[in-house]
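Here's a quick briefing to read with the model open beside you.

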Amino acid sequence: MGAVGTLVLIRHGESVWNAENLFTGWVDVPLSEKGEAEARRGGELLRDAGLLPEILHTSLLRRAISTANLALDGCDRHWIPVRRDWRLNERHYGALQGKNKKQTLEEYGEEQFMLWRRSYDTPPPEIELGTEFSQDSDPRYADLGADAPRTECLKDVVARLLPYWESAIVPDLRTGRTVLVAAHGNSLRALVKHLDGVSDDAIAGLNIPTGIPLRYDLDEQLKPTNPGGTYLDPAAAADAIKAVANQGR
Ligand SMILES: O=C(O)[C@@H](CO)OP(=O)(O)O
C-alpha cells in the first residue's frame, strides 16, 4: 500500500444561528459575516502551512459548503473536485432545532440540557413532520425517504457517518491525496471520536471550534500519528473551544 494522504477537517465558520445561540442541526442557515471571515482565515492558514487540499468532501448544508468555497478560494484551490453527502451533515437536533440554547437551559435545567447537547446516546425529542424547522419536504433528502432522521444523538451520527468515511473518504486518502472535509461541530466530533478512539464518556468534553483547520497525519491503519490532530492556529482554537463549551450560559 502507498503512503496515506493527509486529512484536514474544518468546521464551518460561525453561522447566523450560532451568533443567535439557536440549536441548528439540519436547518440550512448561512454564515454570518464573522463566519465568512473565519472561513477566509482558514484558507490563509492552509496556504501559509502549504497544506493544499486536492479533494473536498462537504455536507449538504450551505454553512459548510460556503466555508469550503471561501477557504479554498483563499489558498487558490477553488478548482479541486468535490463530493457532498448528507452523511456529513450536522447532527439532526430534533425538536430542539430553532430553539434558543439559553432559554432551553433555563427551561429544562443544566443536566437535561447537557444530556441533549453532549451525551453520547440520548437524542432530543423527535421533530414533528411538516413544522417550520423540519426537513421532510426538502428535495435534497428525498432519496432518504423514511430513513431521514427526525432526531439524532452522537451515536446515531457515528453510525451514519462511518459508511461514508469508509466508502468515500478513506479511498481518497489511500491515493495519497490531501483531503479536506468541511462539516459541522457534531459530525466532526463523530469523526474525531472514531479516528482517536475517544470513549463514549470522554467525547462529551470534546468541542470543535469554527473555521480553524485541524490536520491529521495517518499511518497505514489510518490511526493518527498526531493523536487529537493539530490545529493550524492552536491559540485561537483553544479560545474558541472554550466558547463552544460555554454556549447557553
Ligand atoms: O446547534 C447545533 O447544530 C450545534 C452546532 O452549532 O450545536 P451544539 O454545539 O450545541 O451541539
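What follows covers the annotated active site, then the nonpolar cores, then the strands.

This is a predicted model, where local features need pLDDT of at least 70, side-chain atom pairs count only at pLDDT 80 or more, and totals for chains, interfaces and linings use all residues. Residues are numbered from 1 along each chain as its sequence is written.

**Active site**

- An unreviewed UniProt entry puts the feature "active site" at H12 and E90; UniProt positions use the numbering here, feature names are shortened, and annotations may be inferred rather than shown by experiment.
- These positions are spread over 79 residues of sequence, yet they cluster in space, with a largest C-alpha distance of 10.4 Å.
- H12 sits in the loop between β1 (6-11) and α1 (16-19), while E90 sits in the loop between β3 (82-84) and α4 (101-118). Helices (H or I, at least four residues) and strands (E, at least two) are DSSP runs, numbered from the N terminus.
- H12 counts as buried because it has 33 C-beta neighbours inside 10 Å. E90 is buried too, with 27 other C-beta atoms within 10 Å. The cut-offs: buried is 20 or more other C-beta atoms within 10 Å, exposed is 12 or fewer, and partly exposed is in between, with C-beta atoms placed from the backbone.
- Leaving aside neighbours within four places in sequence, the contacts of H12 (C-beta atoms, placed from the backbone, within 7 Å) include R63, T67, H184 and T210.

**Nonpolar cores**

- A nonpolar core is a set of buried Ala, Val, Leu, Ile, Met, Phe, Trp, Tyr and Cys residues joined through C-beta atoms within 7 Å.
- The largest one has 45 residues, and L9, A71, V179, L180, V181 and A182 touch the most other members. Helix α5 (residues 154-174) gives the largest share, 7 residues.
- Not counting residues up to four places away in sequence, L9 touches V181, L188, L191 and L214.
- A second, separate core of 8 residues includes W17, V27, Y93 and W116.

**Around strand β2**

- Strand β2 (residues 55-58) is covered on both faces: I55 and H57 are buried on one side, L56 and T58 on the other.
- β2 pairs (DSSP finds at least two bridges) in the parallel sense with β4 (residues 179-183) over 4 bridges, and L56 stands opposite L180 there.
- β2 also runs parallel to β3, joined by 3 bridges, with T58 opposite R84.

Methods: Two residues are in contact if their C-beta atoms, placed from the backbone, lie within 7 Å.
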